[in-house]
Amino acid sequence: MSDLFQDYSEAAARSGAYDEMFAPGHVARKSYGQVSGALRELSLADVTARADSMARTFLDRGVTFDYAGEERPFPLDIVPRVIPADEWDVLERGVAQRVRALEAFLNDVYGRMAVVADGVIPRQLVTTSAHFHRAVHGFEPSGGVRVHVSGIDVVRDAAGTFRVLEDNVRVPSGVSYVLENRRAMAKGLPEAFGQQHIRPVEEYPRRLLSALRKTAPAGVDDPTVVVLTPGVFNSAYFEHTLLAGLMGVELVEGRDLICRGNRVYMRTTAGEQRVDVIYKRIDDDFLDPLQFRSDSMLGCPGLVNAARAGGVTIANAVGNGVADDKLVYSYVPDLIRYYLHEEPIIANVDTFRLEEKEAREHVLDRLEELVVKPVDGSGGKGLVIGPDASKEELDALRKRVIADPRGWIAQPVLQLSTVPTLSGDKFGPRHVDLRPFAVNDGDDVWVLPGGLTRVALKEGSLIVNSSQGGGSKDTWVLANSPQMPAEVIPRQSVTLREQVSVWPVESNWRDRQTEQQQ
Amino acid sequence: MLSRIAESLFWIGRYVERADGTARILDVHLERLNHLPLEEQRSVARELLAVMGAKPQSEDFGLPELLHALAYDKHSASSIAGSLGAARENARRARETVSQSLWESLNTTYYGLNQHRKDVVGTYRFCNWVLERTAMVRGLADTTVSHDESWLFMVLGRSLERADMTARMLSTRDVQSAGMSWVNMLRCAGAYESFIRTRRAAFGDQHAAEFLLLDRLFPRSIVYALRDADECLAKLDPSAQRVGFINDARRIVGQARTFLEFHRTDDLMSELPEHMERVQKAVTQASDAISRKYFNQADEHAWVGEVS
């Protein structure tokens, strides 16, 4: 191996995490054979030049996220994350299982609440969740689906086992980077692709559109789908435009919509046009000033009532936040058993519920060893990693936990698995997570093969969020066997297509011309 | 299509054309300005800025300030950098509607704005680069976007701005009465060769102005640009009427064009300033009428809730 991997094994040993590319002893795992072969051929100058050109392409194509009012390219690392077929098979089934359970849970919670009556979870757990919206209680959304799109974050612990870290069933973002990363990698590291079958990701927008159309209100033959964005200043605005563009639907802002008579319309140059399905990319709180924050300028008054009356499908459904509350997360394995009568395929990370007195005391004693997270946070906001925190931070945290035990959970610090990542003039191990995306059309949960691998670009850092200096990697899922067996199909001898002419050709016009000239 | 998107497209057309026109004007005048004595240079710089519709920021306004105001000032809608920035921002808001290649060319143009030396020599190169980039943007808009409503709005903006820019080019003639020759004026519009070939030996101010104002076949002439705008408006609103026009924009554009086309005069040069003023006014009014008809947003959020 070239000197780009010098010192790699020592750095990997220091972190003690599972490395995705190298087995102990610095031997490339089988799934990484092709990648490591391709990287071995490259010098430092090659790798840097390719990384630069990939970054340049991203900037030109506008693959950015907004951070503090500034457009930034999302850093893409040149080494892909590779998942072998057998591991993916487990992940795929595990993710789909979770989505089905959460779907059933949401239907129950906004309906009969059988799960409470049967004593699986305490009523208080649901009613105290910040995202439990009474405004959408007691009706089934038209189309019958609540979790159209979900992103289930999984990580691999030091032993190499996949675990679910959190569920995102409100507005999971990041799928645009999956699509763009693959394009960029195909141009940036073409050698690594050859000879193996990597499952494609580009069907995502088609799957999404067909799921959205399928869940349109009853009686609409050719539903009009729109993507609802908070606007150009949202950090995920690039994703909204990309998805709307790839699906070929309008990207609307709240001010483009009007609700009248429990129907939703958009303002177009040809007057108002009915909207049947809204792929909502704004938070529930801002969706409808009649029901939620009355000072919101991003939404459109009347949307929730229109959804209740069945005049429009909102995807994902309003009120989904109760299912990705991190305290509810700790009950998901029970929910899977309760609703699906199955054992969970992917385990949770061990979680302390701080409302329980014993657990709380235990946690407060060892705050410096644990990760403490707010139950309704996202993007790594408010999270405290015990070993990295100062004494003052821990003291402040302790006070806040005691004041509001329902608002926090604690987990052991996981050494997330690592993948080699270009840093300066060599590769170093950096921690990664994985967000597979699932699309639910009501009959079937389809999991996008791959997902977004986020990587913490600082050595030793466990925080992978883009807003906190994280980057991403292209995620390759290897197919079990090449989909087309090479030897079976007998190659037909290539026949040149005979030229057929149907146009009335004046084949001899040239001659005639000369005649005339004569 | 969404009204908001239509508005963005209209302004992409206008801003790109404005950058193009400003680069042409700056390029030609810079050559003249350089030869003038300092005092005169300063007064001419001021006048030129006024023709482009901007006011000097400070008392001390000379050549470097003019370069900043017309080429590099990112915060002014009448500078090249400001126009291209605004075009890109509009494309960003309509990104799912414009083609990927159109968006990319506007985006890379925006990122290329900073990579030029901002002295006189650098500005020549800059202007050239802008002409190339805007030509590329127009080419991609014409070849990668369906010629439907969305394209029509872009072309509508482009044609109106083009009429306006040519009017300004002709107006700059007054600024440097001492020197701006008709040859330079034609060069400015890229019309020199076409003119020579059409008019052969008939040189002269009068003929050059006539060409840029009234020629029916040269695409940057005012009559041609206004006819383009009129055609777009007609396609956008095909409802035929027995009498008159409901659409104010069509009336305004049509009146301006027909007046010029059918007007007969022996002394075009002395009337020129009036014509130019009328054309610019018509463009502004037409633009307003188009926004009223097509881009009308909600009367700023009818719903006002109590904030608890």
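**Stop 1: where the chains meet**

Start at the contact between the two chains: 22 residues of chain A touch 23 residues of chain B, a contact being two residues whose C-beta atoms, placed from the backbone, lie within 7 Å. On the chain A side, select helix 3 (44-61), helix 9 (237-247), strand 9 (250-252) and strand 11 (263-268), the elements that each give two or more residues. Helices here are DSSP runs of H or I with at least four residues, strands are E runs of at least two, and both are numbered from the N terminus. Colour that side of chain A by type and you get nine nonpolar, six polar and seven charged residues. Nonpolar covers Ala, Val, Leu, Ile, Met, Phe, Trp, Tyr, Cys and Pro, charged covers Asp, Glu, Lys and Arg, and the others, Gly among them, are polar.

Before moving on, note that this is a predicted model, where local features need pLDDT of at least 70, side-chain atom pairs count only at pLDDT 80 or more, and totals for chains, interfaces and linings use all residues. Residues are numbered from 1 along each chain as its sequence is written, while chains are lettered from A and ligands numbered from 1 in the order in which they are written.

**Stop 2: chain A as a whole**

You'll find 15 helices and 25 strands, in a C-alpha box of roughly 110 × 70 × 45 Å along the principal axes. Of the 518 residues, 43% are buried. Buried means 20 or more other C-beta atoms within 10 Å of the residue's own, exposed means 12 or fewer, and partly exposed is in between, with C-beta atoms placed from the backbone.

**Stop 3: a four-stranded sheet**

Which strands make up the open antiparallel sheet of four in chain A? Select them in the order 16-19-17-18; strands count as paired if DSSP finds at least two bridges between them. Strand 16 (352-353) and strand 18 are the edges, each pairing on one side only.

Zoom in on strand 17 (residues 370-374) of chain A: four of its five residues are buried, so the rest of the structure largely encloses this strand. Towards strand 19 (residues 408-412), the antiparallel pairing runs over five bridges, and A:Lys373 sits opposite A:Ile409. Towards strand 18 (residues 384-385) there are two bridges, again antiparallel. Here A:Val371 faces A:Ile385, and A:Val372 faces A:Val384.

**Stop 4: a five-stranded sheet**

Next, pick the strands of chain A in the order 15-7-6-22-23, an open sheet with mixed pairing. Its edges are strand 15 (347-348) and strand 23 (445-447). Strand 7 (residues 162-168) pairs with strand 15 in parallel over two bridges, with A:Arg163 opposite A:Ala347.

**Stop 5: over to chain B**

Switch to chain B: 13 helices and zero strands. Its radius of gyration of 20 Å is close to the 19 Å the globule rule gives for 308 residues, so chain B is as compact as a globular protein of that length. The C-alpha trace spans about 65 × 50 × 40 Å along its principal axes, and 46% of the residues in chain B are buried.

Conventions:
The radius of gyration is taken over C-alpha atoms; the globule rule is 2.2 Å times the number of residues to the power 0.38.
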